[in-house]
Amino acid sequence: MSAHENPSVKTLYVIHHTHTDIGYTELQGRVARWQSDFIRQALDIIERTRDRIGLDFDGFRWTCETFWGVERFLEQATADEAEAFAAAVRSGAIGLSGNYLNLNELLGYETLSSVLARAADYAVSIGAPIDSAMTADINGYSWGYSQALHDNGVENLFTCIHTHHGMYPLGAKQLPFWWETPGGDRVLVWSGEHYHFGNELGVVPQAVSSYRTKDDCDAEMIYHDQWGVAERRIPRYFEKLESEGYPYAFVPVMASGLRSDNAPPSPRIVDFIERWNHEHGDRYRIRMATLSQFFGRLRESAGDMPVHRGDWPDWWSDGCAGDPESTMLFRRAQRSLDYYRRLLERYPNLHRRDTLSVERDLALYSEHTFSHSFSVIEPWHFMVHAISERKKGFAASAHDDARELVTGALEELGAAPLDAVAGLSYQAINPLDHAVSGIGRLLVGHFEFHELGFDRGARVMDVEADTELPCQLLLTPAGAQFVVHVELEAGEERRLELVPGDARSDGRGASEPSDSSAHEPPVSCDAADGGATTGPPPASGRGHLETPFVRIVWAPGDGIISWFDTALSRELLRPDRRHAAFTPVHEVTPVPGRDDVWPVRGKMELNRKGDDAVRSTGCLVGSSGVETGEVFVSTSLDYGVPGASLYTVELRAYLDEPRVDVAVRIHKDSVWEPENVYLSLPFTTGVPDAQLWLDKTGAAVRPRVDQIPGTLTDFYSIQEGFAIVSEGYGVAIAAPDGHLIQLGALEHGVRLLAGDPALADDPAHPYAWLMTNYWETNFAAELGGFYEFRYSVMWGDELADEASALRACRDTNWGIRCFRLKREAGGC
């Protein structure tokens with residue numbers, strides 16, 4: 001059948017599934033139990049309706065939306081149940097999806113590909129390879145997701161985007177297109193309706209809804225005349241499609257067994273289909289289908305389809321910023337897992353420990369649901385706390401287990417356990433396939449610091465070279481870190497010796513003027529948006545720190561106003577910036593009363609704030625003196641900003657490389673109103689045509705360039721950082737803790753989508769979007785607490801291409817491991 005024929009009989013393909021939403025409707029453990037039982041119910045319905053297959057009904061079909069639910073079933077299934085399930089998959093009565101969970105964009109490419117492989121491997125093992133996947137609810141994916149699907153044998157992707165606070169791409173739905181992967185392969189996408197749209201058409205008795213469809217079917221009909229709803233809506237829907245030029249004689253819709261997420265299969269759908277096809281099948285026929293069956297029909301009928309290449313940013317990736325602390329733990333855990341994988345590559349004889357549980361916990365934290373549906377309207381409810389704490393636990397468990405993977409591997413390489421008579425030899429290693437340079441930290445416990453004489457100083461010796469390395473002491477609650485600059489070739493190991501005694505000092509760091517050792521006097525300032533003080537501060541009130549590579553200048557009120565590359569005489573802050581570097585911007589949308597916390601948030605739609613949001617800019621109110629050492633120069637800047645009782649920026653500029661580490665420490669107040677906190681990152685190479693690049697899952701992406709038309713351009717979820725590059729020069733900003741970069745205007749207004757000509761005039765000022773609680777459901781109701789967000793800013797000619805610049809972000813976030821070696825046998 002040609003895609004453009006218009007036969008008299010239209011076919012409605014119903015893909016029956018349960019939307020996997022872990023925690024939105026119930027405790028995570030109960031959802032897991034439900035998902036397992038739904039498969040048993042589906043097998044039972046298939047068996048009980050087998051003898052009803054005939055002219056008006058050609059078989060019950062069930063689609064497993066996520067493989068996570070299949071895993072839960074297989075963990076508990078008897079051998080007979082497992083075989084019955086496999087047989088149903090082979091027969092086409094049950095369809096598998098090549099998707100593991102409905103994920104946000106937090107997962108890195110290796111872990112994403114690994115969890116997707118679970119479905120592919122299982123399907124091959126039972127003789128029924130997967131060719132299709134589906135997602136529901138979520139609003140997009142990192143570009144690398146397409147590659148991970150393709151490389152796991154998935155040729156087709158069915159999306160059911162939820163347009164609340166989001167939007168489907170291309171400005172239209174119920175259409176196919178080819179999604180070209182970063183590697184040049186293709187996945188066929190069907191951009192469909194909401195995942196409950198079949199319920200809105202009335203195809204599931206006692207589960208009919210009107211969530212997105214608003215028409216003359218009132219509540220009385222929805223609840224008491226559901227056949228009448230179907231008789232109105234199904235013909236109208238086909239007529240609407242035809243009026244819009246829809247080219248196919250068939251259309252797919254998803255349907256759930258109840259008017260809810262995490263819903264079981266419904267045998268009532270069989271009764272409905274039999275009756276409908278008997279009464280109306282001469283015009284509109286209904287058939288149940290799996291994903292693979294639908295895509296088989298599509299590929300038979302489709303002619304040329306458009307090809308789109310690029311990123312598909314997820315509108316809902318901002319929800320993770322409602323729990324910055326747990327998201328930081330997740331990112332640290334994922335980084336530890338990736339580092340463990342590099343250790344296995346460099347040292348293939350290491351014992352290979354199981355990573356499946358770490359990957360599962362990472363995937364469960366990255367799953368799009370963060371709490372119960374009424375987390376914002378009843379944040380005190382025990383279910384909200386129980387679900388939220390379990391969600392946090394996935395990140396904490398992954399963090400602990402991933403660190404143990406690394407610790408176990410390092411101990412095999414000679415790392416010392418906690419030992420009362422440990423030696424002071426350390427090993428610096430580089431398990432990567434390229435050279436690295438950066439900061440190594442030699443740790444000494446608080447319980448031995450004084451006893452071993454480190455209170456009098458220390459020296460670090462490179463054992464092979466028999467040379468002393470400059471080192472600098474950092475005191476921490478756990479003890480002390482002796483910081484050194486290390487350069488290692490690919491795969492290199494280097495032995496270092498820590499020697500207690502007098503510390504050398506060669507005064508390599510530049511210092512402040514004569515009053516630099518004292519705190520600057522407090523400054524009062526107006527924190528209203530757009531300005532920090534009334535008039536420029538006097539020159540004498542400015543402060544600075546300087547190394548051979550950079551001079552950073554700050555002014556009372558304004559904050560950091562210059563970041564100057566002294567080696568190449570280049571200013572690295574944008575002249576058109578709205579806010580100074582690392583200045584906080586706080587927003588709050590007023591809520592008239594307690595009953596308004598939901599509706600005020602709900603009406604924001606594509607904006608993440610109300611049109612009456614109050615925006616305030618942080619004001620630099622004081623700074624410490626500049627401290628000079630052998631490895632780095634440091635200072636801290638204190639800001640006043642509404643919504644936080646503490647906001648401090650610590651700068652640490654290194655003497656051996658063009659790099660500044662920044663730690664932003666916040667004590668956020670707890671309020672119920674919707675808030676956003678941004679951090680200005682207005683860096684540039686100083687060249688007008690410089691290109692911004694983002695490190696996204698599986699691909700380096702130019703935002704607003706490498707994107708599917710009609711997709712999000714306001715903010716992006718990144719992996720390890722971002723970079724600005726131009727010919728012969730680049731700036732890289734590593735962001736190990738926060739995952740969101742905001743480029744769209746902070747002001748409430750019409751949001752610009754990829755491909756909009758107006759983007760050419762949009763300045764795309766980069767901000768880190770640190771935290772938000774604008775969502776009215778599922779995510780955090782408040783943001784109170786203590787947080788630290790770290791950044792590393794690097795620059796130079798060796799970062800002039802995106803691959804090098806983004807690799808520098810990853811290398812810096814990993815750091816150079818220097819572990820303490822086991823003492824020599826018999827030593828004491």
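This is a predicted model: local features need pLDDT of at least 70, side-chain atom pairs count only at pLDDT 80 or more; totals for chains, interfaces and linings use all residues.
1. Helix H2. Helix H2 spans residues 67–76 and is largely enclosed by the rest of the structure, because seven of its 10 residues are buried. Those buried residues are Phe 67, Trp 68, Gly 69, Val 70, Glu 71, Arg 72 and Phe 73. Their cover includes four helices, namely H1 (28–48), H3 (79–91), H4 (109–125) and H12 (356–366). Strands E2 (62–64) and E3 (94–96) are also among the elements that cover them.

2. A network of charges. Two of the buried residues of H2, Glu 71 and Arg 72, belong to a network of salt bridges. As background, side chains of opposite charge can pair when their charged atoms come close.

3. Gln 334. This residue lies in helix H11, which runs over residues 324–346. Is Gln 334 buried or exposed? Its relative accessibility is 5%, so Gln 334 counts as buried; the cut-off for burial is under 20%. Apart from neighbours within four places in sequence, Gln 334 is in contact with Leu 106, Leu 107, Gly 108, Thr 111, Leu 362 and Gln 719.

4. Salt bridges in the whole model. The structure contains 52 salt bridges. One of them joins Glu 180 to Arg 309, with 3.0 Å between the closest N and O atoms. This pair links distant parts of the chain, since Glu 180 belongs to strand E6 (residues 175–180) and Arg 309 to strand E10 (residues 307–309), 129 residues apart. Glu 180 counts as buried because its relative accessibility is 19%, whereas Arg 309 has a relative accessible area of 41% and is therefore partly exposed.

5. Arg 236 and Asp 215. These two residues form a salt bridge in which the closest N and O atoms are 3.8 Å apart. The pair, 21 residues apart, links distant parts of the chain: Arg 236 is in helix H8, and Asp 215 is in the loop between helix H6 (197–201) and helix H7 (219–224). Arg 236 is partly exposed, with a relative accessible area of 36%. Asp 215 is likewise partly exposed, with a value of 31%.

6. Arg 659 and Asp 661. In this salt bridge the closest N and O atoms are 2.9 Å apart. Both Arg 659 and Asp 661 are buried.

7. A negative surface patch. Which residues gather in a patch of negative charge on the surface? They are Asp 218, Glu 220, Asp 225 and Glu 231. Glu 231 is found in helix H8, which covers residues 226–243. With a relative accessibility of 33%, Glu 231 counts as partly exposed.

8. Gly 784. Gly 784 sits in the loop between strand E36 (767–772) and strand E37 (785–796). Its relative accessible area is 25%, so Gly 784 is partly exposed. Leaving aside neighbours within four places in sequence, Gly 784 is in contact with Lys 668, Asp 669 and Ser 670. Gly 784 and Ala 415 are separated by 369 residues in sequence and by 39 Å in space, C-alpha to C-alpha.

Technical notes: Residues are numbered from 1 along each chain as its sequence is written. Side-chain values use heavy atoms; hydrogens and water are left out. Buried means under 20% relative accessible area, exposed over 50%, partly exposed in between (1.4 Å probe, protein chains only). Contact means heavy atoms within 4.5 Å. Patches are made of residues with over 30% relative accessible area and no salt bridge: like charges are joined within 9 Å, nonpolar side chains (Val, Leu, Ile, Met, Phe, Trp, Tyr) within 5 Å. Accessible areas come from the Shrake-Rupley method with a 1.4 Å probe; for residues, only the protein chains shown count as cover. A salt bridge is a side-chain nitrogen of Lys or Arg within 4 Å of a carboxyl oxygen of Asp or Glu. Lys and Arg count as positive and Asp and Glu as negative; His and the chain ends are not counted. The place of a charge is taken as NZ of Lys, CZ of Arg, CG of Asp or CD of Glu.
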